Amino acid sequence: MANVLLNWTAPADTNNIDGIVILKKTVAANAAAPTCTDFIAADQARSNTASDIVSDGTVSQVGSDLAKDAVTVTESGVTAGSYYYAAFSFNAAGYSPCDVTDSELVIA
């Protein structure tokens, strides 16, 4: 098992942001890179439940929702596999476009 440290650039304007959510997608080795809608369906309203994320069994939330000015999180105990991560800001209306990791992360 491994620990994965993720970091990102905070949004420049956080006035309309309630928080940040980090999602992880399990993929087959060498799979095509996912897009934001592979994590959360486009135009999804924020319901604060796991039902917001794509329900194909490959997407999970990393930890709890984070503060709107958070810029880092560590996921502990990641098992062997291939993953992509995405960071979304959110408010009651829904989710922002996301920032998906640039490349597949393989934990051996």
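Author: Leu6, Asn7, Trp8, Thr9, Ile22, Tyr85, Ala86, Ala87, Asp99, Val100 and Thr101 line the largest pocket. The model is predicted, with pLDDT of at least 70 needed for local features and 80 or more for side-chain atom pairs, while totals for chains, interfaces and linings use all residues. Residues are numbered from 1 along each chain as its sequence is written, and side-chain values use heavy atoms, leaving out hydrogens and water.

Reader: What is a pocket?

Author: Rolling a probe the size of a water molecule over the atoms shows where empty space is left. On a 1 Å grid over the protein atoms alone, a pocket is an open set of points where a 1.4 Å probe fits, with protein on both sides within 12 Å along at least five of seven lines; lining residues have an atom within 4 Å of a point.

Reader: Which strand gives the largest share of that lining?

Author: S5, with 3 residues. S1 (2–7), S5 (81–91) and S7 (99–100) each supply at least two. Strands are DSSP runs (E, at least two residues), numbered from the N terminus.

Reader: What about nonpolar cores?

Author: In soluble globular proteins, nonpolar side chains tend to be buried together. A nonpolar core joins buried (under 20% relative accessible area, 1.4 Å probe, protein chains only) Ala, Val, Leu, Ile, Met, Phe, Trp, Tyr and Cys residues through side-chain atoms within 4.5 Å. Here the largest core has 15 residues; Leu6, Trp8, Ile22, Leu66 and Tyr85 touch the most other members. S1, S2 (19–27), S4 (72–78) and S5 each supply at least two of its residues. Another core, of 14 residues, lies apart from it and includes Ala86 and Val100.

How values were computed
Helix = DSSP H or I, 4+ residues; strand = E, 2+ residues; numbered from the N terminus. Buried < 20%, exposed > 50% of the residue type's maximum accessible area, 1.4 Å probe, protein only.
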